[in-house]
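Please open the model in your viewer and keep the selection panel at hand.

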Amino acid sequence: MAKRDLISIEDLSRAEVELLLDTAESFLPVLERDIKKVPTLRGRTIINLFWEASTRTSSSFDLAAKRLSADTLALKASGSAVEKGETLKDTAITLSAYSPDIIVMRHPSAGACQILSANTEASVVNAGDGKHQHPTQCLLDLFSMRQNLGRELDGLRVFIIGDILHSRVARSNIWGLLKLGAAVTIGGPATLVPREFERLGVRVCHSLREAVADADVVNLLRIQHERQKTSFFPSTGEYAGIFGLNRETLPWCKPEAMIMHPGPINRGVELESELADGPRSVILEQVTNGLAVRMAVLHLVAGCLP
Ligand code: CP
């Protein structure tokens, strides 16, 4: 059987996305049981390579593999032979000598997962590569929206605001949302919002007030200073004043609008603490759902789904 990767959300059909969301839903009850484990991937080996910082994605992939009874091995760039200059190709060939079934990788460079995949027989799952893609974040966001709405996402209005230019979450979510029939608006400082997305049918709106007025979901993104080589706006204070969601700007939103954020949050910049922890925020649900969604993804690439 040919190996199955998950590198970009663009590679999935709508039916495949829906199958993954349904499978994730079936795993949620497992996570609430006393014994939070199923034997699905017993005897399989999953390697988690995190060459870039992560809390949510790395912990949930590790837990997801363990909940599915797989054997796991976790490596970070720090302390590995990467520090001695070993290439990604050599890392892939070396780790493949253990015959892993799945390699999950986060990497600071866009396209790294394709290089990994070309040099291993293992299935490769992208846990975020540079500013390219973060497909499992997209899936958990779609899952969280569907869960809160209690219906499919057709016609849902989603406003994604922040550092779109450097965001793999924005790129994945735009593709995923459009695939499921949602309407997407993006916004933020003009320097951080590429107009190329308009070609996909995405609306660009730089006015927070105007964009949130009809949004069912406000998905806030962090300013990714680690990917910026120059200054894209004068100061974080000014960013917060113009684009931040806070107690003053919240009344511009629809009363039922969901507040989402992939994390980590720059509290007080894109989102005020009171709102991040408030009743309209689904941020912690996103974290919980991330575990079920990553179980579904591991299940899929391991060949346990059609
Ligand atoms: N959302 C997300 O990818 O978070 P981490 O960087 O903590 O994994």
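Does His-261 count as buried or exposed? Select His-261 in this predicted model: its relative accessibility is 1%, and because buried means under 20%, His-261 counts as buried. The residue sits in the loop that runs between β9 (258-260) and α9 (273-276).

Keep His-261 selected and display polar atoms. A polar atom of the His-261 side chain is found 2.8 Å from the backbone nitrogen of Gly-263.

Now select β1, β2, β3 and β4. These four strands form an open sheet in the order β2-β1-β3-β4, and their pairing is parallel. Which strands stand at the edges? They are β2 (71-76) and β4 (123-129); each has a single partner strand, so one side of each lacks a neighbour in the sheet. On average, neighbouring strands of this sheet are turned by 15° against each other, direction ignored.

**Helix α2**

Move to residues 56-67, the twelve residues of helix α2. From first C-alpha to last, α2 reaches 16 Å, close to the 16 Å expected at 1.5 Å a residue. Colour the helix by accessibility: the buried residues in α2 include Thr-57, Ser-58, Ser-60 and Phe-61, as well as Ala-64, Ala-65 and Arg-67. After α2 comes Ser-69, which has a positive phi, near 70°.

**The nonpolar cores**

In soluble globular proteins, nonpolar side chains tend to be buried together. In this model, the largest nonpolar core has 63 residues. Which residues have the most contacts inside this core? Select Val-104, Leu-139, Ile-160, Leu-177, Ile-186 and Leu-298. Helix α10 (residues 283-304) supplies the largest share of this core, ten residues.

Centre the view on Leu-139 and leave out residues up to four places away in sequence. Leu-139 touches Leu-6, Ile-9, Val-17, Leu-20 and Leu-21, and also Val-293 and Val-297.

Finally, select Ala-215, Val-218, Ala-257 and Val-269. These are among the 25 residues of another core, which lies apart from the largest one.

Terms used: Residues numbered from 1 in each chain as written. Predicted model: local features only at pLDDT ≥ 70, side-chain atom pairs only at ≥ 80, totals over all residues. Heavy atoms only, no water. Helix = DSSP H or I, 4+ residues; strand = E, 2+ residues; numbered from the N terminus. Buried < 20%, exposed > 50% of the residue type's maximum accessible area, 1.4 Å probe, protein only. Polar contact = N/O pair within 3.5 Å; in protein donor to acceptor, adjacent residues only side chain to side chain. Pairing = 2+ DSSP bridges. Axes fitted to C-alpha atoms, helices over the stretch in contact; angles between N-to-C directions. Core = buried A, V, L, I, M, F, W, Y, C linked by side-chain atoms within 4.5 Å. Contact = heavy atoms within 4.5 Å. Expected span 1.5 Å × (residues − 1).
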